[in-house]
Amino acid sequence: MKPSVTYLHLLKHTPFFTSLTTEQLRWVISHSHEWEAQPGTVVAQCDGSAHGAANNQGMWILLDGGWQIEYGKQSYPAGHADAGKWFSTAVTDQACRLVTTEHSYVMKIERADFDAMLEQGFAFDEHLDAGRRYYRELFAAPAELVK
């Protein structure tokens with residue numbers, strides 16, 4: 001993946017972030033990293049253990065493009081308009097990969113920074129809840145893994 005610049009005027013139109021104020025968007029930009037990824041790029045990989053999930057809980061947000069979850073020899077869409085428009089390896093203790101399906105822009109927010117955003121009241125609940133339902137069904141994961 002190649003580092004990319006996050007522009008406020010584009011970020012405010014990205015579905016995950018549309019409910020945020022300009023000040024909150026600036027905070028997101030200063031506490032995240034945007035990447036450009038070509039089709040077939042592995043964005044994140046779950047190692048199949050609860051220990052691995054606990055150690056790598058950064059949040060990935062799809063800004064533009066498309067991605068899918070590869071799990072159990074199958075591919076599952078987690079696209080821009082779908083419930084899975086965010087991803088964290090913490091959602092499962094199963095082996096899986098998050099892979100781009102087209103030219104894409106993705107953002108990574110480290111877990112501590114994302115937790116700080118939640119503590120400050122950033123309006124992510126609707127998106128997080130939809131993603132939790134999607135991943136819980138996909139991985140048949142125990143609720144405690146999908147936080």
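The questions and answers below take up the labels one by one.

Modeller: Keep in mind that this is a predicted model. The chain has five helices and nine strands. Along the sequence they run β-α-α-β-β-α-β-β-β-β-β-β-α-α.

Biologist: Why is the pair C46 and C96 called a disulfide?

Modeller: The cut-off is a pair of cysteine sulfur atoms within 2.5 Å. The sulfur atoms of C46 and C96 are 2.2 Å apart, so the pair qualifies. By this rule the count comes to one disulfide.

Biologist: Why is F16 called buried?

Modeller: Buried means under 20% relative accessible area. F16 has 1%, so the label applies. F16 sits in the loop between α1 and α2 (22-30).

Biologist: Which residues does F16 touch, leaving out those up to four places away in sequence?

Modeller: F16 touches I61, W86, F114, F124, H127 and L128. A123 is 107 residues from F16 in sequence, yet their C-alpha atoms are 8.9 Å apart in space.

Biologist: What makes a set of residues a nonpolar core?

Modeller: The members must be buried residues of listed types, such as Val, Phe and Tyr, joined through side-chain atoms within 4.5 Å. The largest such core here has 34 residues. Those with the most contacts inside it are F17, V28, I69, F87, F124 and Y135. Strand β4 (residues 59-64) gives the most to this core, with five residues.

Biologist: What does Y135 touch, again not counting residues up to four places away in sequence?

Modeller: Y135 touches I69, A78, G84, W86, F87, V91 and A140.

Biologist: What makes the nonpolar surface patch?

Modeller: V5, Y7 and L10 make it, with about 310 Å². A patch takes residues with over 30% relative accessible area, and nonpolar side chains are joined within 5 Å. V5 lies in the loop between β1 (2-4) and α1 (8-11).

Biologist: How much of the chain is buried?

Modeller: Buried residues make up 46% of the 147 residues. The accessible surface comes to about 7,500 Å², and 48% of that belongs to carbon and sulfur atoms.

Biologist: What share of the contacts with a separation of 6 or more joins residues 24 or more positions apart?

Modeller: That share is 79%.

Methods: Residues numbered from 1 in each chain as written. Predicted model: local features only at pLDDT ≥ 70, side-chain atom pairs only at ≥ 80, totals over all residues. Heavy atoms only, no water. Buried < 20%, exposed > 50% of the residue type's maximum accessible area, 1.4 Å probe, protein only. Helix = DSSP H or I, 4+ residues; strand = E, 2+ residues; numbered from the N terminus. Contact = heavy atoms within 4.5 Å. Patch = residues over 30% accessible without salt bridge, like charges linked within 9 Å, V, L, I, M, F, W, Y side chains within 5 Å. Areas by Shrake-Rupley, 256 points an atom, 1.4 Å probe, with all protein chains shown as cover. Salt bridge = Lys/Arg side-chain N within 4 Å of Asp/Glu carboxyl O.
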